[in-house]
Amino acid sequence: MKKSLNYKDVHLIPNHSTLPSRAMASTSIDLGKHTFALPVVPANMASCVSMEKATWLAGNGYFYIMHRFYEYDEILNWMRRMKNCPDLLPFVSISVGIKKRDVDLIHQIVDEKLRLDYVTVDVAHGDHEEAIMMMEFLKAVKKLIMPDLFIIGGNIATPEAYIRISKSVDAVKVGIACGASCITYNKTGFASPMFSTVKDINDVRREMNLSLYEPATSVAPLIIADGGIGCNGDIAKALVAGADMVMCGSMFARCIDSPAQVDPTDPTKKMYFGSASAMNGNKKNIEGKAPSMPMNGMTYEQKMKEIREDLASAISYAGGSDLSAFRAVDYKLI
């Protein structure tokens, strides 16, 4: 049995570069009908994204996924306000679960003709029949009513799961039990070391794109690596493993202007909690903790600028001029 690798277990090997300046490297990525400045998205958790932060991210060229822990009337009212404000909110991206109320929310959005560009089926175990049924429902909505809707499914951790849901979604969130606030591994024994998990799924995706996927005009779903990012260099490693977009939680929750709560016992720290934590109102099956983390002294704007500069440097080391350079990078075990 081969060793499963996390990001910390590998280092990347530089390639020859002809790029005159790192500042010339492009870090942009296409996702659906929009192009974003970075292949990075804050985690769809209450401590990382809010309606205010979503508006700022979208308005500044970054992708966001609104978390699903608002009351649905709040989400609907926000979407109503933004319906005719494309300059303020260029796109709408929300999360849903797999309950009847989630289906009702989508029906309400359709009935009111509200704008919806991206929808994420956000459950801990995306390779579950009820989660797949929700993805199929959204696929039907896309086919019949919203042809430009971009559907994201997750989370999954195996190539088999990727194949199972691939014809229902446009992108897949990959990663189980690797987040800084997640205790699923301690609770259940299940986890997905991120570098190996993303790479294994990308290997299958590459085969599907080359020969197996049908119809011929289709493309296998994109990969959003979710979890295990401890530093900016891990973003580059995730892209080398095969991710198209990288979801980061704690590094944004630690920003001074994040929605995360300030630790009442230490105003220099913030409370970072995951979707399955008690702080989100869960009464059972608690698989998240709420660690107190030192603030990083940066705003979201400053953190995004830092990531942009570091990714541009990584592209130069990779020997290219844009994100495609990471596809040709080799690695070694530490």
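Strand 9 (residues 222-226) is largely enclosed by the rest of the structure, because 4 of its 5 residues are buried, where buried means under 20% relative accessible area with a 1.4 Å probe and protein chains only. The model is a predicted one, in which local features need pLDDT of at least 70, side-chain atom pairs count only at pLDDT 80 or more, and totals for chains, interfaces and linings use all residues. Residues are numbered from 1 along each chain as its sequence is written, and side-chain values use heavy atoms, with hydrogens and water left out. Helices (H or I, at least four residues) and strands (E, at least two) are DSSP runs, numbered from the N terminus.

Strand 9 pairs with strand 8 (residues 171-174) through 4 bridges, and the two run parallel; pairing requires that DSSP finds at least two bridges between two strands. In this pairing Lys 173 stands opposite Ile 224 of strand 9. Strand 9 is also joined to strand 10 (residues 245-248), again in parallel, by 3 bridges. Here Ala 225 stands opposite Val 246 of strand 10, and Asp 226 stands opposite Met 247 of strand 10.

These strands belong to an open sheet of 7 strands with parallel pairing and the order 4-10-9-8-7-6-5. Strand 4 (40-42) and strand 5 (93-96) stand at the edges with a single partner strand each, so one side of each has no neighbour in the sheet. From one strand to the next, the twist averages 25°. Helix 3 packs on the sheet and touches strand 5 and strand 6 (118-122), its direction making about 150° with that of strand 5. For such angles, axes are lines fitted to C-alpha atoms, for helices over the stretch in contact, and values run from 0 to 180 degrees between N-to-C directions.

Helix 8 lies across strand 4, strand 9 and strand 10, and runs at about 140° to strand 10. Since 9 of the 10 residues of helix 8 are buried, helix 8 is largely enclosed by the rest of the structure. Among the buried residues are Asn 232, Asp 234, Ile 235 and Lys 237. Gly 242 follows helix 8 and has a positive phi, near 130°.

Helix 8 (residues 232-241) also packs with helix 10 (residues 300-318), at an angle of about 50° and with the axes 9 Å apart. The two helices are therefore oblique to each other; angles under 35 degrees count as roughly parallel, over 145 as roughly antiparallel, 65 to 115 as roughly perpendicular and the rest as oblique. In this contact (heavy atoms within 4.5 Å), Asn 232, Ile 235, Ala 236 and Leu 239 of helix 8 meet Lys 303, Glu 306, Ile 307, Asp 310, Leu 311 and Ala 314 of helix 10. By class, the contact of helix 8 with helix 10 has 6 nonpolar, 1 polar and 3 charged residues, with Ala, Val, Leu, Ile, Met, Phe, Trp, Tyr, Cys and Pro counted as nonpolar, Asp, Glu, Lys and Arg as charged, and the others, Gly among them, as polar.

The axes of helix 2 (residues 72-82) and helix 3 (residues 100-111) come within 11 Å and cross at roughly 20°. Helix 2 and helix 3 are therefore roughly parallel to each other. Tyr 72, Leu 76, Met 79 and Arg 80 of helix 2 make the contact with Arg 101, Asp 102, Leu 105, Gln 108 and Ile 109 of helix 3. The contact of helix 2 with helix 3 has 5 nonpolar, 1 polar and 3 charged residues.

How values were computed
Buried < 20%, exposed > 50% of the residue type's maximum accessible area, 1.4 Å probe, protein only.
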